[in-house]
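Student: I have a model open and would like to go through it with you. Could we begin with the ligand surroundings and then turn to the fold and the confidence?

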Amino acid sequence: MTQPAARRRRKLTLRAKLFLGAVALALAATTTIGLLTEFAPPPGPEQPIAFSHRLHAGVHQIDCLFCHTAAERSSSAGLPSVERCMACHQYIAVRRPGIRKLADFWEKQQPIPWVRVHWLPDFVYFSHKRHVRAGVECQTCHGPVQQMEVVYQYAPLTMGWCLQCHQQPGATPVNTITRSTASRAELARGASRAPLDCVTCHK
Ligand code: HEC
Ligand code: HEC
Ligand code: HEC
Ligand code: HEC
Ligand code: HEC
């Protein structure tokens, strides 16, 4: 009489053990994957106009800040206006299909509905200004954009990723003109100016 109940209990224990084992394995696997493999960047989205960073920022070496003017002085880097594109494309490659599309937006006085690539959750505060002024290169966070035909999200943008750099001794580059000699000396010793307290990024 007690036999089946005991067996059932044993079965349950076994199942529970298997379950816990599976959970532990899954956790170990995700941790290992997280540690060993790099974040696999998803491909960039299809954009309303096939704008190529490789061509503009790479081949023609147009400065990032020429188009993303706000990166140095505000929280967002911003996208260029149609007017900015037309400064060149009133004259350059005017007959090509991509430029005709561009001219269409221009004539209709409509902004180009670019598809956003990078998103942080609303509860995270991030600002370009301090990073760019501190001399952190765009490419450190965005990858080799000047080689990208279509921009994709290069870095995982997780909290761990932010903290990894903030924790690093000497995270702040030394060779920036905006720094005082004293702070440069401090930074040269490997001090990081990047804050770690929660309220820095979670206001
Ligand atoms: C001629 C203008 C121009 C230049 C120069 C330029 N960009 Fe862009 N950038 C754009 C436009 C337009 C978009 C939106 C379309 C797209 O994503 O390709 C964009 C999008 C981006 C995005 C994705 C934004 C998002 O949606 O999250 C990043 C990152 C970026 N640019 C970085 C750079 C960097 C770094 C450089 C310099 C190596 C650079 N750009 C040079 C015009 C430019
Ligand atoms: C320290 C890392 C870091 C650096 C350095 C950095 N970015 Fe970004 N960038 C981000 C993050 C994170 C986002 C997403 C922000 C969000 O969703 O609020 C972003 C978003 C963007 C966007 C789209 C949204 C916006 O802000 O308009 C563009 C365009 C962009 N970056 C361009 C640049 C350019 C150009 C540079 C160099 C001048 C640069 N970034 C330097 C981390 C960085
Ligand atoms: C500083 C000048 C300059 C600016 C600003 C500029 N472009 Fe260009 N663009 C060029 C040059 C140069 C080419 C290469 C033309 C060629 O291959 O003969 C080009 C090529 C292109 C092409 C490819 C045309 C084709 O089919 O071969 C597209 C699309 C384009 N640009 C869109 C844009 C958009 C959108 C903007 C604004 C975000 C922009 N450009 C801003 C100089 C510029
Ligand atoms: C490659 C290094 C690097 C990465 C990646 C990075 N930061 Fe920073 N961050 C810095 C440095 C360096 C400073 C200090 C700048 C200074 O000395 O003024 C800083 C300062 C800050 C500040 C304080 C300055 C301000 O604007 O109020 C905030 C907030 C911040 N980072 C948020 C973030 C977030 C959020 C992420 C991830 C999405 C991130 N950072 C990723 C290097 C980095
Ligand atoms: C340098 C910037 C930075 C600092 C400092 C920081 N965080 Fe975050 N945090 C982020 C970013 C970016 C995200 C969103 C991406 C993610 O979930 O990994 C995030 C997400 C979170 C989340 C949500 C996680 C989830 O799964 O949704 C919590 C909770 C959190 N942070 C707590 C903290 C606490 C507590 C501290 C202080 C010990 C802290 N953070 C410090 C950048 C930061």
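Student: Which residues come nearest to ligand 2?
Tutor: In this predicted model, His68, Ser76, Ala77, Cys138 and Cys141 come nearest, out of 21 residues around ligand 2. A residue counts as near a molecule if its C-beta atom, placed from the backbone, lies within 6 Å of it. The elements that give two or more residues to this shell are α3 (64-67), α6 and α7. Helices (H or I, at least four residues) and strands (E, at least two) are DSSP runs, numbered from the N terminus.

Student: Which element gives the most to the shell around ligand 2?
Tutor: That is α7, with four residues.

Student: And how do the residues of that shell divide into nonpolar, polar and charged?
Tutor: The shell around ligand 2 has 13 nonpolar residues, eight polar and no charged. Here Ala, Val, Leu, Ile, Met, Phe, Trp, Tyr, Cys and Pro count as nonpolar, Asp, Glu, Lys and Arg as charged, and the others, Gly among them, as polar.

Student: Back to Cys138. Where does Cys138 lie?
Tutor: Cys138 lies in helix α7.

Student: Why is Cys138 classed as partly exposed?
Tutor: Because Cys138 has 18 other C-beta atoms within 10 Å. A residue is buried if 20 or more other C-beta atoms lie within 10 Å of its own, exposed if 12 or fewer, and partly exposed in between, with C-beta atoms placed from the backbone.

Student: What is Cys138 in contact with, leaving aside neighbours within four places in sequence?
Tutor: Cys138 is then in contact with Cys64 and Val145. Two residues are in contact if their C-beta atoms, placed from the backbone, lie within 7 Å. Cys64 is 74 residues away from Cys138 along the chain, and their C-alpha atoms are separated by 8.4 Å.

Student: On to ligand 3. Which residues come nearest there?
Tutor: Cys85, Cys88, Ala93, Arg96 and Gly98 come nearest, among 19 residues around ligand 3. At least two residues each are supplied by α2 (53-59), α4 (82-89) and α5 (97-107), and α4 gives the most, with five. The shell around ligand 3 divides into 13 nonpolar residues, four polar and two charged.

Student: What is the phi of Ala93?
Tutor: Ala93 has a positive phi of about 55 degrees, although it is not a glycine. Ala93 lies in the loop between α4 and α5 and is exposed, with 12 other C-beta atoms within 10 Å.

Student: And what is the phi of Gln109?
Tutor: Gln109, which is also not a glycine, has a positive phi near 55 degrees. Gln109 is placed in the loop between α5 and α6 and counts as exposed because it has 8 C-beta neighbours inside 10 Å.

Student: How many residues surround ligand 4, and which are the closest?
Tutor: There are 22, and the closest are Arg130, Cys162, Cys165, Arg193 and Ala194. Two or more residues of this shell come from each of α6 (128-133), α7 (138-142), α8 (159-167) and α10 (198-201). Among the elements, α8 gives the most, with three residues. The shell around ligand 4 holds 14 nonpolar residues, six polar and two charged.

Student: Changing topic: how many helices and strands are there in the protein?
Tutor: The protein has 10 helices and zero strands. Buried residues make up 5% of its 203 residues. Of the contacts between residues at least 6 apart in sequence, 65% join residues at least 24 apart.

Student: Where is Glu46, and is it buried or exposed?
Tutor: Glu46 is in the loop between α1 and α2. Glu46 is exposed, with 8 other C-beta atoms within 10 Å. From Glu46 to Val151 the distance is 9.6 Å, C-alpha to C-alpha, and the two are 105 residues apart in sequence.

Student: Where is confidence lowest and where highest?
Tutor: Confidence is lowest in helix α1 (residues 2-36), at a mean pLDDT of 43, and highest in α2, at 98. pLDDT is the predictor's confidence in each residue, from 0 to 100. Where pLDDT is low, the predicted coordinates should not be read in detail.

Student: What does the protein average?
Tutor: The average pLDDT is 81, and 70% of the residues score at least 70.

Student: Which conventions apply to numbering and cut-offs?
Tutor: Residues are numbered from 1 along each chain as its sequence is written, while chains are lettered from A and ligands numbered from 1 in the order in which they are written. As this is a predicted model, local features need pLDDT of at least 70 and side-chain atom pairs count only at pLDDT 80 or more, whereas totals for chains, interfaces and linings use all residues.
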